[in-house]
Amino acid sequence: MGDEDFLARRFEEHRAHLTAVAYRMLGSRAEAEDAVQEAWMRLSRSDPGGVVNLGGWLTTVVGRVCLNALQSRRSRREDPLGEQDTEPAEARERGPEQEAVETDSVGLALLVVLDTLTPAERLAFVLHDLFAVPFDEIAPIVDRTPAAARQLASRARRRVRGAPAPDAEQARKREIIDAFLAASRGGDFGALLAVLDPDVVLRADRRAVQMGANAETFGADQVAKAFFGGARLARVALIDGAVGAVVAPRRRTRLALYFTVVADRIAAIEVVAENDHLDALDVEIIG
């Protein structure tokens, strides 16, 4: 297999994730596919040997492409939702990327709300809250400090609260998180693997690292090992309206877990322990 074929195969491993990111950023399947194609073109022109984390590199590229598209769209005052779901579902070709986008769809109502955000707010919210990308990786994309990127996401989150995910989607996500926590507490390694995407990423903020967590953990086996026999104090909760989990002894949130679910599997987990972040959360324990 030639170098180009090997690079193309590695890119295809990330295509569904990149399409999902771009779709949430742009609210348009056609524009999302264009953004992903642009990422491939940039990768094919680069030196892949210098890319340590290909998934992170590609997500950053797609984020920048989408940010530029949103800024251009805003200047032209276009309505990005004009083509949204106008074509009957049965008439569309349903490839793997389309399945991933539709299975974990944020819903048309939320896309409408996202379109009211500034491009930087939308990018910070989508990458962090929906895909668990840490703020220190988002900051360079929006040309701000990590603290400023956190504020962008916080402002966006407050506006998005009025458009929660559909009940069925929230219920399914809760089922998956419940299964994950039960497998963790029970020490059931096979059940943990069953709910984790093979390429799942576990990230922890600085405070969580100080408490003993690894900053980044990749792959289902390693993430399952990190949670094996643990999570005994974690409770399922609504975190700013989205299903997640918290450790909250005496009703005081000490740790928050954000989950990104794609195609009924957990694709990313973010562990947050920074007090300033936790204090700003609206938490309702539901399990």
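Helices, meaning runs of H or I with at least four residues, and strands, meaning runs of E with at least two, are taken from DSSP and numbered from the N terminus. The model is a predicted one, in which local features need pLDDT of at least 70 and side-chain atom pairs count only at pLDDT 80 or more, while totals for chains, interfaces and linings use all residues. Residues are numbered from 1 along each chain as its sequence is written, and side-chain values use heavy atoms, with hydrogens and water left out.

**Exercise 1. Determine which residues of helix α12 are buried, and where they lie around the axis.**

Solution. Begin with the cut-offs: buried means under 20% relative accessible area, exposed means over 50%, and partly exposed lies in between, with a 1.4 Å probe and protein chains only. In helix α12, which spans residues 220-227, the buried residues are A220, V223, A224 and F227. These residues cover an arc of only 100 degrees around the axis, judged by the directions from the helix axis to the C-beta atoms, which puts them on the same side of α12. On the other side of α12, K225 and A226 are exposed. Just after the helix, G229 takes a positive phi of about 75 degrees.

**Exercise 2. Work out the order of the strands in the sheet, and which strands stand at the edges.**

Solution. Two strands pair if DSSP finds at least two bridges between them. On that basis 7 strands form an open sheet with mixed pairing, in the order β2-β1-β6-β5-β4-β3-β7. The edges are held by β2 (216-218) and β7, each with a single partner strand, so one side of each is left without a neighbour in the sheet.

Next, follow strand β3 (residues 234-239), which pairs with strand β4 (residues 242-247) in the antiparallel sense over 6 bridges. The hairpin of β3 and β4 has 2 residues between the strands, and D240 takes a positive phi near 50 degrees there. Strand β3 also pairs with β7 (residues 283-285), again in the antiparallel sense, over 3 bridges.

**Exercise 3. Find which parts of the chain the aromatic pair of F180 and F259 ties together.**

Solution. Rings of Phe, Tyr and Trp (its six-membered ring) pair if their centres lie within 6.5 Å, and planes under 30 degrees apart count as stacked, over 60 as edge-to-face and the rest as tilted. By this rule the count comes to 4 aromatic pairs. One of them joins F180 and F259 edge-to-face, at 5.6 Å centre to centre and with 70 degrees between the planes. F180 lies in helix α9 (residues 167-186) and F259 in strand β5 (residues 255-262), so the pair ties together parts that are 79 residues apart in sequence. Both F180 and F259 are buried, and ring pairs link F180, F227 and F259 into a cluster.

**Exercise 4. Describe the surroundings of R203.**

Solution. R203 is found in strand β1 and is buried, with a relative accessible area of 10%. Its contacts (heavy atoms within 4.5 Å), not counting residues up to four places away in sequence, include F131, P134, E137, E216 and V271.
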